[in-house]
Amino acid sequence: MQLVNKNTQTNQLQKEDNFLVIEGVSKIYPTAEGPYTVIDGIDLKVQEGEFVCIIGHSGCGKSTLLNMISGFNTPTDGVVLLQDKPITEPGPDRMMVFQNYCLLPWLSVFDNVYLAIDTVFPNKTKAEKRAIAREHLAMVGLTEAADKKPGQISGGMKQRVAIARALSIRPQVLILDEPFGALDAITKEELQEELLQIWQEHQVTVLMITHDIDEALFLADRLVMMTNGPAAKIGEVLNIPFSRPRNRRQIMEDPEYYNLRNYALDFLYRKCAHAE
């Protein structure tokens with residue numbers, strides 16, 4: 001399989017070491033009609049501190065791939081390596097944020113974050129763990145909502161809690177499965193800005209599924225475009241050339257933005273269009 005780079009601009013992410021390596025990964029499920037191949041022969045290398053977005057039509061195996069990186073699933077063939085160690089199970093070095101938040105409704109915002117910290121860092125003092133929880137809630141602007149239950153806050157605030165909880169245990173990889181897909185446009189843009197700021201400050205490695213090309217072009221260092229399933233592969237990889245920190249208005253005034261956007265649209269809706 002060949003990865004096609006639409007842009008070849010050299011940037012700080014082009015290092016010799018490979019932090020996360022996905023090598024020859026396939027996932028096959030047995031069915032009554034025979035083996036069903038979800039993804040087939042995926043190869044991808046991600047550098048430490050890189051922000052990678054993955055895009056493709058529904059059913060192309062995006063979530064399956066991220067579940068194998070998170071350790072919730074294992075490859076049928078191939079291997080996923082984090083710092084040269086195979087990923088075989090979930091671990092606190094990889095935290096996943098889902099579209100539906102996955103908060104415990106009977107706990108407060110503060111306690112949802114505190115529980116994760118308490119589980120991963122049992123040897124820290126209670127004061128230390130509470131300080132970490134407060135720090136990360138402040139990071140996402142939720143200090144005033146700390147005592148509220150999930151049912152008392154908006155969808156955007158719930159996603160902020162989920163991000164604060166994920167980051168509070170200091171993961172090496174933050175995995176995001178369409179985290180803003182259910183939010184309104186204004187809230188989505190606000191959270192995109194916040195996510196970029198947090199990523200720039202902490203330099204955590206991010207892998208994010210999105211169906212939104214504009215979101216990917218604003219956030220990512222690279223955009224991985226999947227072919228249709230079954231037996232989906234990586235079709236092309238676009239390097240996103242915009243300098244950081246990014247300004248949404250400046251990017252959208254750049255002619256290259258529309259070149260990239262049109263190229264991605266052409267890939268998704270012509271080269272990999274769903275059959276009628």
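Student: Which residues cover the two faces of β3, and are they buried or exposed?

Tutor: Keep in mind that we're looking at a predicted model. Buried here means under 20% relative accessible area. In β3, Phe51, Cys53 and Ile55 sit on one side, Val52 and Ile54 on the other, and all are buried. Five of the five residues of this strand, residues 51–55, are buried, so β3 is largely enclosed by the rest of the structure.

Student: OK, and which strands does β3 pair with?

Tutor: One is β8, residues 205–209, which pairs with β3 in the parallel sense over four bridges. There, Val52 stands opposite Leu207. Another is β9, residues 222–226, also running parallel to β3 and joined to it by four bridges. Leu223 in β9 is the bridge partner of Cys53.

Student: How do I read a nonpolar core?

Tutor: Start with the general idea: in soluble globular proteins, nonpolar side chains tend to be buried together. In this model, the largest nonpolar core has 58 residues, and Phe51, Leu174, Met208 and Leu223 touch the most other members. Apart from that core lies another, of 29 residues, including Val52, Ile54, Met68 and Leu82.

Student: What is Met208 in contact with, leaving aside neighbours within four places in sequence?

Tutor: Its contacts include Phe51, Val52, Cys53 and Ile54, as well as Leu176, Phe180 and Leu219.

Student: And helix α1, how many of its residues are buried?

Tutor: Seven of the nine, so to speak of residues 62–70, α1 is mostly covered. Among the buried ones are Leu65, Leu66, Met68 and Ile69.

Terms used:
Residues numbered from 1 in each chain as written. Predicted model: local features only at pLDDT ≥ 70, side-chain atom pairs only at ≥ 80, totals over all residues. Heavy atoms only, no water. Buried < 20%, exposed > 50% of the residue type's maximum accessible area, 1.4 Å probe, protein only. Pairing = 2+ DSSP bridges. Core = buried A, V, L, I, M, F, W, Y, C linked by side-chain atoms within 4.5 Å. Contact = heavy atoms within 4.5 Å.
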